[in-house]
Amino acid sequence: MVPTNRCNMACVYCHAKSQSLSRKEWDMDDEVLYKTVDFFFSVPRQGRKQMRIEFQGGEPLLRYDLIQKAMDYAMQRAEAESIELSFAIVSNLTLMSDEIAQDIKERGNVKLCSSLDGPPLVHDRQRVYPSGRGTYEDVVRWAEKLKEEYDIFVPFLPTFTVNGLGHEREIVDEYIERGVNILYLRYVNYLGRAYESGYDVGVTPEQFVGAWKRTLDYVLEKNRGGHSFREGKTAYLLGNVLNPAHAYMCLRRPCGCGISQVIVGHNGTIHGCDGGRSVPMLIMGNVLSDTYDEVFTSDTAMALRTLAAETLPECQTCPFGPYCGYCVARGINQHGSPIPNIPLNFECQIYREMIPHLFRKLLNREEAAILNSWV
């Protein structure tokens with residue numbers, strides 16, 4: 001859920017199209033907040049007793065009061081229904097405070113996640129305040145303080161742009177220095193601010209594959225040197241190759257958009273996925289007016305279920321079809337339709353290079369042993 005879509009930063013690739021601090025109409029009101037929690041508890045759990053609610057933004061810590069209100073209400077619902085409930089907050093960390101950190105520690109069931117795009121020479125070129133000043137120092141300072149003073153470990157996720165080209169080793173080293181044991185090399189998605197700006201920081205498929213290969217080779221080198229460290233995109237692809245169940249929602253076909261995930265915006269609008277918040281075609285309803293059954297049997301939901309490899313002609317005959325994935329949100333922006341133009345599709349172009357490269361890696365006994373340990 002999105003308690004606010006305002007943000008104190010101005011990242012060049014923001015997929016959420018976050019709003020400026022003055023735009024308080026982009027904050028969630030109490031009615032939407034309670035209805036959102038109720039909607040989450042209406043999702044059939046088929047006997048499962050665990051549930052996690054994730055808060056995103058904008059920058060959610062701008063309205064930590066709303067997060068507290070949502071967590072308190074959700075805990076009441078969970079206790080009444082004997083649900084083991086936990087929370088996650090996706091934050092840029094720059095608005096963290098001792099009061100917030102203490103509250104998170106005392107609750108004991110809240111995880112944090114943040115973004116770190118690499119060392120300052122990469123991070124501070126793209127994750128910036130509206131003034132243009134980089135945020136690296138503030139992010140790292142709070143991550144270290146949370147770990148040392150509150151015993152709260154913050155995992156990071158990078159976004160790889162043209163600014164990272166040639167700096168793959170430094171990005172890996174930065175994550176190792178921060179004590180993070182996995183680096184998911186995530187490319188800029190063709191969504192939100194990146195889409196509207198003309199994708200000027202995005203990499204081409206060829207650039208991304210080259211960067212991924214260099215990253216993977218360096219990570220394997222680090223593993224041979226005794227570091228327990230994984231490249232996340234490789235691990236998820238290997239999971240698709242080696243396991244019958246595809247766990248990662250963005251590496252499925254159809255992907256998890258509107259099927260195994262939704263996100264509720266500040267005004268109650270239900271979107272198919274986090275990345276698809278800026279794509280009008282992926283609006284599925286509103287918590288103020290629509291029930292779970294109405295949302296997940298809507299025309300949009302049914303259409304999303306048809307985007308399987310078996311229904312896309314070129315994917316039917318592709319040897320890599322069972323292993324790759326297709327981002328419908330990106331695809332709508334790229335092709336103007338949920339149906340991808342496969343030869344020109346970004347994911348198709350990278351996975352038809354990455355998957356055979358992985359198969360070749362698995363033919364090397366030493367590298368195969370390391371890679372298998374990641375799954």
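Contact here means heavy atoms within 4.5 Å. With that in hand, Glu367 is a handy place to start: setting aside neighbours within four places in sequence, Glu367 is in contact with Leu220, Arg224 and Lys361. Keep in mind that this is a predicted model.

- Glu367 sits in helix H15, which covers residues 365-372.
- Is Glu367 buried or exposed? Glu367 is buried, at a relative accessible area of 12%; the cut-off for that label is under 20%.
- The side chains of Glu367 and Lys361 are joined by a polar contact of 3.5 Å.
- Lys361 is buried too, with a relative accessible area of 10%.
- H15 also meets H8: the two axes come within 11 Å and cross at roughly 90°. Angles of 65 to 115 degrees count as roughly perpendicular, so H8 and H15 get that description.
- On the H8 side, the contact is made by Leu216, Leu220, Asn223 and Arg224. H15 brings Glu366, Glu367, Ile370 and Leu371.

- As background, side chains of opposite charge can pair when their charged atoms come close.
- Lys361 turns up again here, in a salt bridge with Asp217 whose closest N and O atoms are 2.6 Å apart. Asp217 belongs to helix H8 (residues 205-224) and Lys361 to helix H14 (residues 346-362), so this pair ties together parts that are 144 residues apart in sequence.
- The two partners fall into separate accessibility classes: Asp217 counts as partly exposed at 35%, whereas Lys361 is buried at 10%.
- Asp30 and Lys69 have side chains that meet in a salt bridge, at 3.0 Å from N to O. What does this pair tie together? Asp30 is in helix H1 (residues 30-42) and Lys69 is in helix H2 (residues 64-80), so the bridge links parts 39 residues apart in sequence.
- Asp30 is partly exposed, with a relative accessible area of 34%, and Lys69 is partly exposed as well, with 28%.
- Arg133 and Asp138 form a salt bridge through their side chains, at 3.8 Å from N to O. Arg133 is partly exposed at 48% relative accessible area, while Asp138 counts as buried at 13%.
- There is also a network of salt bridges, linking Arg6, Asp27, Arg63 and Asp65.

- E1 and strand E2 (residues 84-90) run parallel and are joined by 6 bridges. Across that pairing, Phe55 stands opposite Ile89 in E2.

- Thr94 is found in the loop between E2 and helix H3 (98-107).
- At 12% relative accessibility, Thr94 counts as buried.
- The side chain of Thr94 makes a polar contact with the side chain of Asn8 at 2.8 Å, plus another with the side chain of Asn92 at 2.7 Å.
- What is Thr94 in contact with, leaving aside neighbours within four places in sequence? The list is Asn8, Met9, Tyr129, Thr135, Asp138 and Val139.
- Asp138, from that list, is the salt-bridge partner of Arg133 described above.

- E9 pairs with strand E10 (residues 269-271) over 2 bridges, in the antiparallel sense.
- Val264 stands opposite Ile270 in E10.

Notes:
Residues numbered from 1 in each chain as written. Predicted model: local features only at pLDDT ≥ 70, side-chain atom pairs only at ≥ 80, totals over all residues. Heavy atoms only, no water. Salt bridge = Lys/Arg side-chain N within 4 Å of Asp/Glu carboxyl O. Helix = DSSP H or I, 4+ residues; strand = E, 2+ residues; numbered from the N terminus. Buried < 20%, exposed > 50% of the residue type's maximum accessible area, 1.4 Å probe, protein only. Pairing = 2+ DSSP bridges. Polar contact = N/O pair within 3.5 Å; in protein donor to acceptor, adjacent residues only side chain to side chain. Axes fitted to C-alpha atoms, helices over the stretch in contact; angles between N-to-C directions. Parallel < 35°, antiparallel > 145°, perpendicular 65-115°, else oblique.
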